[in-house]
Protein chains: 2
Amino acid sequence: LSVGLNPPSSIAAVAGVRLASVAAGIRKPDRHDLALLVVTPGTECAAVFTRNRFRAAPVEVALAHLETAKPRALLINTGYANAGTGEAGRRDARACCEALAAELDCRPEEVLPFSTGVIGEPLPLAPIRAALPGLVGALRGEGWVEAAGGIMTTDTVPKAASRRIEIEGRTVSVSGIAKGAGMIRPDMATMLAFVATDAAVPAADLEALLHEAVGQSFNRISVDGDTSTSDACCVLATGAAGVTVAAGSRAWERLRRSLTEVCVELAQAIVRDGEGATKFITIRVEEAAGAAEARAVADAVAHSPLVKTAFYASDPNWGRILAAVGRAGIDDLEITGVRIALNDVVIVSHGGRDPSYTEDAGQRAMDADEITVRIGLGRGRESTVLWTCDLSHGYVTINAEYRT
Amino acid sequence: LSVGLNPPSSIAAVAGVRLASVAAGIRKPDRHDLALLVVTPGTECAAVFTRNRFRAAPVEVALAHLETAKPRALLINTGYANAGTGEAGRRDARACCEALAAELDCRPEEVLPFSTGVIGEPLPLAPIRAALPGLVGALRGEGWVEAAGGIMTTDTVPKAASRRIEIEGRTVSVSGIAKGAGMIRPDMATMLAFVATDAAVPAADLEALLHEAVGQSFNRISVDGDTSTSDACCVLATGAAGVTVAAGSRAWERLRRSLTEVCVELAQAIVRDGEGATKFITIRVEEAAGAAEARAVADAVAHSPLVKTAFYASDPNWGRILAAVGRAGIDDLEITGVRIALNDVVIVSHGGRDPSYTEDAGQRAMDADEITVRIGLGRGRESTVLWTCDLSHGYVTINAEYRT
């Protein structure tokens, strides 16, 4: 039920990174639900987390650990989010780190825990502890796709992306995995993403890279407007390729572009695999007076259940798009300046139906699996882009039956 | 498919008001799609309209007419919203007013036009013109329920409400009708409401009454978070009962309360008949530091597709409510102060699962058709209430098939 999304095939190994996943039986039997990513000592890490005030216990623990040590291992479980679980939840998250640290012979603070799944239920420790030796034994540099499978919840396709570039005669890899399908909106959502490169990147530069890449990718997607208590995106730079890339260096721009491309591919994969998604929608807002209003219009259209159900029905009901633009909060919006196109079909000009528009042309645009909605506001030069999907029976089914 | 909503039975006639509806064949045959409300000369009218920047043509025309004359007649069609139709749409709306004015022997400016239905298509004038003589001929004081049926679109039940009070030995009636089922959110939605009393109320006082009643009713409901281009609420005071009620007079408080009760009943009826609704949800936010944050939390919960699908599934997935509270934008929210109850079942206290909570108790609360979510923020003394419904397969079906 995903849109134009194939399982990843050739994901480049990243020197200094090993991964694995196992079926630990955390909530359901026989599905990979525990994944591990281990990096060489000295690896730099930059991370961003959910802005939801109800941060899951592992997020609290990960933040604390990041303040005291560079991470050696990322441990990710599905099934339970260990959120809304209070002090007991933090204790459980720390217990997972301690158990893994004992296996890896590192300090517990060098482990970052991540959990995704049902909120409010305690995390079962026994199956996780029991699975750790096998998980550590299965670690391998080629484990990216397997790990991508191990962090899936309602995802239907594992999500991984990869780029290789040449720097100073050496091959540098950038590879990443992500999970997420529902509870997705801009500014971090129910989404976990782990990206690594074997270039060495100074800590401050890695931080800058992360924020730019996230701004261009994960903060531009929306499935249902909900945010989660568990979102996280980590970027790791192992340095194992023997090349240092710092801001301002000749290779910086290429690394930056590769990392952003990997993040955009992963972010789009989350939308393509959006819960119940049958369409991949690109919303492009142009000619805005400022970045904030461009984003407000894109958000209003992307979050409108009426727009999203019209896409599901392949119904060129452009009046719903127009109504969403009209309620986006731009008080001095001049209707007569607004232009809307579906792919290359102009449907609205001067705030009304374009004279050239025909239902047939609109229907052809709507019948496609991938549709670009281009909204011109006629107010200025700012633009933005957002990726979203339709709202289908599949979405309701998945979210009404998630716990059963 | 409505929740606890019965067709209206005894709606009090309001002296000085006559109503009717007919099947004009505007978009579909054999359904009442044109309604008329006519008032005696001298009737005061106060009205509020959509804040959507794309205001439908009839809204523009009604606003212009209200500036030049007191209305004698309200003409409401369904089928087409006459929105996004530009200058031609305004011409069509004025043409409807002119045709009706000729029938009623009044000025076109004394007619207010209202349209609801598909956006962006032209309004067919011929069937409307042809139906007007029959519509005028059918006018009667007892026509409230019939008119309520004539303004329905995706509504499944006509919506009307009524109160009678004694003032100075005379009976004063307050009766109203409304339509709306989808595209509903606070601050006016796809909703039309017409309320009348036969008390005489000075213009400024009627304006105040309207704003208070709307603030307590139609601005507190949400079905899907979308607003429409056509929303309107009119309150009429005919004075035909021979009693004047002005602000500060002894009877003012009783008229105010009756009018607010009628509006609340109509507003709740819209939610009870929300597209695909299977549950009627009252969201009560308490102990907020200010009115704005109370409303922000109520909105975040009411608009969350994940919360709404959990209600549809009767799933006490309180983690989703907690996550919605957490993303409502209160930056200094202390999780440990938050308390959430479903009806009288406390599910969250101190930001985590309440020790007394059991799945059974949560399930019992969720199984009901009508559920109150009570959210305590532990920050102050402000509170608010919002009414909403669940998100079901029915909603998707209705909105994916609306134009077919």
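1. Axes here are lines fitted to C-alpha atoms, for helices over the stretch in contact, and angles run from 0 to 180 degrees between N-to-C directions. Keep this in mind for the helix described in point 5. The model is predicted.

2. Start with the two chains. Two copies of a chain are related by a rotation about an axis and a shift along it. Here the rotation that superposes chain A on chain B is 180°, with 0.0 Å of shift along its axis. The RMSD is 0.0 Å. The two copies are thus related as by a two-fold rotation axis. Within chain A, H393(A) is the residue that comes closest to this axis, with its C-alpha at 2.9 Å.

3. Now the interface. Of the interface residues of chain A, 100% are also interface residues in chain B, so the copies meet through the same surface.

4. Next, a sheet in chain B. Strands of a sheet pair through backbone hydrogen bonds, either parallel or antiparallel. This open sheet has 4 strands, in the order β1-β2-β4-β5 (chain B), and its pairing is mixed. Its edge strands are β1 (17-22) and β5 (111-115) of chain B, and each pairs on one side only. On average, neighbouring strands are turned by 15° against each other, direction ignored. Look at one pair in detail. Strand β4 (residues 73-77) of chain B and β5(B) run parallel, joined by 5 bridges. In this pairing, A73(B) stands opposite V111(B) of β5(B).

5. Which strands does helix α2 of chain B lie across? Helix α2 (residues 86-104) lies across β2 (34-39), β4 and β5 of chain B.

Methods: Residues are numbered from 1 along each chain as its sequence is written. Chains are lettered from A and ligands numbered from 1 in the order in which they are written. This is a predicted model: local features need pLDDT of at least 70, side-chain atom pairs count only at pLDDT 80 or more; totals for chains, interfaces and linings use all residues. Side-chain values use heavy atoms; hydrogens and water are left out. Copies are superposed by least squares on the C-alpha atoms of residues with pLDDT of at least 70 in both. Contact means heavy atoms within 4.5 Å. Two strands pair if DSSP finds at least two bridges between them. Helices (H or I, at least four residues) and strands (E, at least two) are DSSP runs, numbered from the N terminus.
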